[in-house]
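Welcome! Please take a look at the structure below, and then we will walk through it together.

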Amino acid sequence: MTAEWAGAAPLLEMRGIGKSFPGVRVLQGVDLTLHRGEVLALLGENGAGKSTLIKMLAGVHRPDEGQIAIDGEPVDLSGPDASLAAGIGVIHQEFQLVPGLTPWENIFLGREQTRWLVDRRGERERAERLFEQLGAEIPLDTPCGELSVAQQQLVEIAKALSQDVRLLVMDEPSAALSPEEVPRLLAMVEELKRRGIGVIYISHRLEEIFEIADRVLVLRDGEVVGSGATAGLTRGRLIEWMVGRSIEREYPKQWHPRGNVRLRVEGLRRGTAVRGVGFEVHAGEVLGLTGLIGAGRTEVARLLFGADRADAGEVWLDGRRLQLGSPARAIAAGLCLLTEDRKHQGLVLGAGVLENFGLPNLEEFSGGGWLWGGRERRAFDGHAERLRIRLANPAQPARQLSGGNQQKVVLAKWLQRQAGVLIFDEPTRGIDVGAKYEIYQLINDLAGEGKAIVMISSDLPEVLGMSDRILVMHAGRVTGEITDVAHATQQQVMELAVA
Ligand SMILES: Nc1ncnc2c1ncn2[C@@H]1O[C@H](COP(=O)(O)OP(=O)(O)OP(=O)(O)O)[C@@H](O)[C@H]1O
Ligand SMILES: [Mg+2]
């Protein structure tokens with residue numbers, strides 16, 4: 001039970017919240033209550049309205065209808081300052097760090113003016129302690145723009161913690177973290193709970209919900225479709241609430257006959273990040289590539305794709321030597337990479353969704369000086385239906401899509417390309433359970449067509465559930481290979497990952 005006495009008002013009460021954007025109704029009649037020292041999980045499919053709801057607590061959006069009260073007192077959260085003054089801290093899904101500033105400068109940004117003298121050394125030391133508490137190793141003086149996605153996420157968390165908040169909202173805080181960092185994050189949430197702070201926790205990873213949340217609230221199409229104490233709920237029930245149907249097998253793995261070697265990598269190196277990596281992937285095979293953040297998985301993918309220059313290494317695609325160092329050459333040779341940092345490498349946020357989809361596929365949709373808009377549109381619609389991409393219309397700027405739907409657009413874009421070897425870097429990060437299932441089916445189909453797939457993932461149940469073979473990396477090297485995936489355990493993978 002929460003530390004509450006009879007008659008006391010809850011920490012937060014949202015009543016009858018409604019919100020529309022031009023042409024779309026996003027939230028309707030949403031009620032949400034949060035008590036002190038309680039963790040409430042806010043769940044729902046991509047585009048269900050979760051981020052929109054919590055942006056009202058951050059003072060980013062104002063409700064069209066409904067009221068918000070803190071400790072029983074109505075509040076008007078007209079902007080970020082009002083929100084902070086009310087004791088609300090929000091960790092947004094999209095990072096809001098200034099890329100040119102260091103982690104500690106970002107943490108204390110905007111608060112310097114309130115003091116007589118900026119105590120830079122003191123701030124740096126406070127930041128150092130915060131990261132220690134988080135068990136995170138962050139290079140304190142490196143500009144945030146050069147940090148990995150996971151490191152940036154940790155800076156966001158430290159920033160929110162540095163503000164003395166009574167209510168902390170976390171929008172997919174674990175999405176970018178690795179298997180070893182997630183338990184630390186959850187332990188930290190436990191600690192906040194003990195201090196009586198109320199937490200709203202958004203995540204698409206159900207294991208975490210059962211571990212951390214006291215109650216859940218599920219949104220579908222902007223309305224509350226279910227809520228209750230986590231203790232009385234099953235995984236199946238939550239999934240049904242979220243996607244409106246049940247999913248029998250979360251990992252619908254299919255096995256295909258193994259064909260010829262399509263990708264062969266030998267002695268791949270770059271500085272200390274990748275120290276001699278070699279492997280093969282066959283037609284029809286899904287090779288899971290896992291390890292901790294910084295193990296070098298993404299770097300291997302970037303070297304193969306030519307996004308970074310390798311110091312050494314040889315790569316063959318279908319037996320033909322690939323000249324490394326140019327993404328255009330890699331694409332022409334039939335190798336595709338779905339990047340992990342979709343926000344920066346995947347989408348032009350100001351451009352329309354259809355335009356984004358068409359960009360890398362121009363040759364396919366144009367001919368004789370014309371762009372065949374109809375063909376492009378039909379191809380897009382096919383992917384949109386399958387991946388359940390939620391958007392008002394295809395011309396809508398990519399920026400306006402929910403986080404998960406943006407990722408689905410990037411996925412659609414690369415799926416359209418005819419490639420024999422596909423590298424997916426964290427393909428289901430931030431994606432809801434229903435769409436995850438569809439992505440797994442797509443991976444099955446691609447493997448069934450004889451493509452070779454490398455699936456980089458930090459989600460161990462996913463790696464174990466969808467791979468034919470698993471490679472584990474640590475500190476730039478392959479530290480283990482698991483061939484009997486059906487009998488492998490998460491523990492086994494973790495042991496290789498910290499080797
Ligand atoms: N500024 C905007 N203009 C128009 N539509 C918007 C805008 N912001 C959000 N939307 C729409 O509101 C809906 C809800 O988006 P929201 O970001 O709240 O979803 P979400 O539940 O957080 O999803 P995800 O799990 O993908 O993060 C989406 O359909 C989105 O396209
Ligand atoms: Mg969201």
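Which residue in strand 8 does Val169 stand opposite? Val169 faces Ile200 there.

## Before we start

This is a predicted model, in which local features need pLDDT of at least 70 and side-chain atom pairs count only at pLDDT 80 or more, while totals for chains, interfaces and linings use all residues. Residues are numbered from 1 along each chain as its sequence is written, chains are lettered from A and ligands numbered from 1 in the order in which they are written, and side-chain values use heavy atoms, with hydrogens and water left out.

Six of them form an open sheet with mixed pairing, in the order 6-7-8-3-9-10. Its edges are strand 6 (88-91) and strand 10 (223-229), each of which pairs on one side only. On average, neighbouring strands in this sheet are turned by 15° against each other, direction ignored. Helices (H or I, at least four residues) and strands (E, at least two) are DSSP runs, numbered from the N terminus, and two strands pair if DSSP finds at least two bridges between them.

Strand 7 (residues 167-171) and strand 8 (residues 198-202) run parallel, joined by five bridges.

## Helices on the sheet

Helix 1 (residues 50-57) packs on the sheet, where it touches strand 3 (39-44), strand 6, strand 7, strand 8 and strand 9 (215-220). Contact here means heavy atoms within 4.5 Å. The direction of helix 1 makes about 140° with that of strand 3; axes are lines fitted to C-alpha atoms, for helices over the stretch in contact, and angles run from 0 to 180 degrees between N-to-C directions. Helix 5 (residues 149-162) lies across strand 6 and strand 7, and runs at about 180° to strand 6.

How many of the residues of helix 1 are buried? Eight of its eight residues are, where buried means under 20% relative accessible area (1.4 Å probe, protein chains only). Among them are Lys50, Thr52 and Leu57. After helix 1 comes Gly59, with a positive phi near 80°.

## Around ligand 1

Now for the ligand. Of the 20 residues around ligand 1 (a heavy atom within 4 Å), Gly47, Lys50, Thr52, Ser402 and Gly404 come nearest. Helix 1 and helix 15 (403-415) each supply at least two residues of this shell.

Some polar contacts (pairs of N or O atoms within 3.5 Å) involve oxygen atoms of ligand 1: one lies 2.5 Å from a side-chain N or O atom of Thr52, and one lies 2.7 Å from a backbone N or O atom of Gly47. The protein covers 88% of the 650 Å² of accessible area (Shrake-Rupley method, 1.4 Å probe) that ligand 1 has on its own.

Key: Buried means under 20% relative accessible area, exposed over 50%, partly exposed in between (1.4 Å probe, protein chains only). A polar contact is a pair of N or O atoms within 3.5 Å; within protein, one must be able to donate a hydrogen and the other to accept it, and residues adjacent in sequence count only if both atoms are side-chain atoms.
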